Amino acid sequence: MHPTSPAIPRSLFLFSIFYGGMVCIAGVLGNKQVALGPLAVEAGIFAFLLLVVVSSAIAELHGATIAKHLVWFGFIPLIFSILLVLLVLQVPASASMEPERLAAFELMMRATWRIWIAGIIAYGVSQTLNVTLFDAMRRGKGGLLWLRAAAASVLSQIVDTLIFISVAFYGLFPIGELLVGQLLTKVVLSIVMVPPLIYLFVGLGRRLDGHRTLSTAVRPE
């Protein structure tokens with residue numbers, strides 16, 4: 001009889017798949033600027049906030065170590081999606097493809113090396129920071145899940161914005177106004193969106209795992 005390895009909790013398995021999808025789609029959505037009343041932000045923020053929610057939910061359900069591993073493994077689909085985009089851009093388009101469609105595709109998918117690098121760095125730092133802050137507040141006996149999730153999201157999104165805009169655009173044009181607008185919008189969205197979503201994902205995770213606790217499911221560090 002060979003010893004059987006412990007099964008992966010359903011919530012961890014399903015949330016990890018969802019997380020990988022959001023990592024890949026965030027950059028694509030970021031090509032559109034959306035207006036939210038007086039605020040304007042790139043649409044990729046919605047996917048990034050879902051990344052924040054999912055990593056925080058996994059930290060709550062299965063511990064910070066596993067949540068950080070999820071963030072680090074997220075580099076795999078992120079980097080491979082970038083490489084695939086670069087490869088597809090180099091492959092000649094079919095002669096039957098409409099020129100307008102080809103031009104639109106290349107306009108949307110092309111980016112400078114600074115934008116690619118900025119996205120990778122900002123993702124890794126901000127998502128790791130989110131999990132670290134969320135877990136630190138939990139260890140500090142912070143009982144309010146929504147407050148821990150919102151506070152960690154706000155701080156990590158501030159860092160994300162500072163890194164991405166500075167690395168991608170500093171020296172190309174004045175970035176002060178862009179920074180302020182993006183920071184304000186992301187802080188507001190973190191406060192409005194993250195609290196209800198964290199309860200949704202944690203509740204869903206507990207149902208998927210049969211209400212198992214950390215001690216009976218995956219032990220954290």
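## Close-up views of a predicted model

**View 1. Helix H1 and its buried residues.** Ser11, Leu12, Phe15, Tyr19, Gly20, Met22, Val23 and Ala26 are the buried residues of H1. Buried means under 20% relative accessible area, exposed over 50%, and partly exposed in between, with a 1.4 Å probe and protein chains only. The model is predicted, so local features need pLDDT of at least 70 and side-chain atom pairs count only at pLDDT 80 or more, whereas totals for chains, interfaces and linings use all residues. Residues are numbered from 1 along each chain as its sequence is written, and side-chain values use heavy atoms, with hydrogens and water left out. Helices (H or I, at least four residues) and strands (E, at least two) are DSSP runs, numbered from the N terminus. The cover over the buried residues of H1 includes helix H2 (44–62), helix H3 (64–73), H4, H6 and helix H8 (176–208). Contact here means heavy atoms within 4.5 Å. The expected span of a helix is 1.5 Å times one less than its number of residues. For the 20 residues of H1 this gives 28 Å, which agrees with end C-alpha atoms 28 Å apart.

View 2. Helix H4 (residues 75–90) has 16 residues and should span 22 Å at 1.5 Å a residue; its end C-alpha atoms are 23 Å apart, which agrees. Leu78, Ile82, Val85 and Leu89 of H4 are buried. Seen down the axis of H4, its buried residues fall within an arc of 60°, so they line one face of the helix. The arc is taken from the directions from the helix axis to the C-beta atoms. An α-helix has 3.6 residues a turn, so residues three or four places apart point the same way. Exposed residues on the other side of H4 are Phe80, Leu84, Leu87 and Gln90. The packing partners of the buried residues of H4 are helix H1 (10–29), helix H5 (99–109) and helix H6 (113–139).

View 3. Strand E1 (residues 33–36) pairs with strand E2 (residues 39–42) in the antiparallel sense over four bridges. Two strands pair if DSSP finds at least two bridges between them. Gln33 has Glu42 in E2 as its bridge partner. Two residues lie between E1 and E2 in this hairpin, and Gly37 in the turn has a positive phi of about 65°.

**View 4. Asn130 in helix H6.** Asn130 lies in helix H6 and counts as buried at 0% relative accessibility. Leaving out residues up to four places away in sequence, Asn130 touches Val52, Ser55, Ser56, Ala152, Ser153 and Ser156. Asn130 and Lys68 are 62 residues apart in sequence, and their C-alpha atoms are 9.5 Å apart in space.

**View 5. Thr161 in helix H7.** Thr161 is part of helix H7 (residues 145–169). Its relative accessibility is 1%, so Thr161 counts as buried. Apart from residues up to four places away in sequence, Thr161 touches Ser166, Leu179, Gln182, Leu183 and Lys186.

**View 6. A charge over a ring.** Arg148 lies over the face of Phe134, at 5.0 Å from the ring centre. A charge sits over a ring if NZ of Lys or CZ of Arg is within 6 Å of the ring centre and within 35 degrees of the ring normal.
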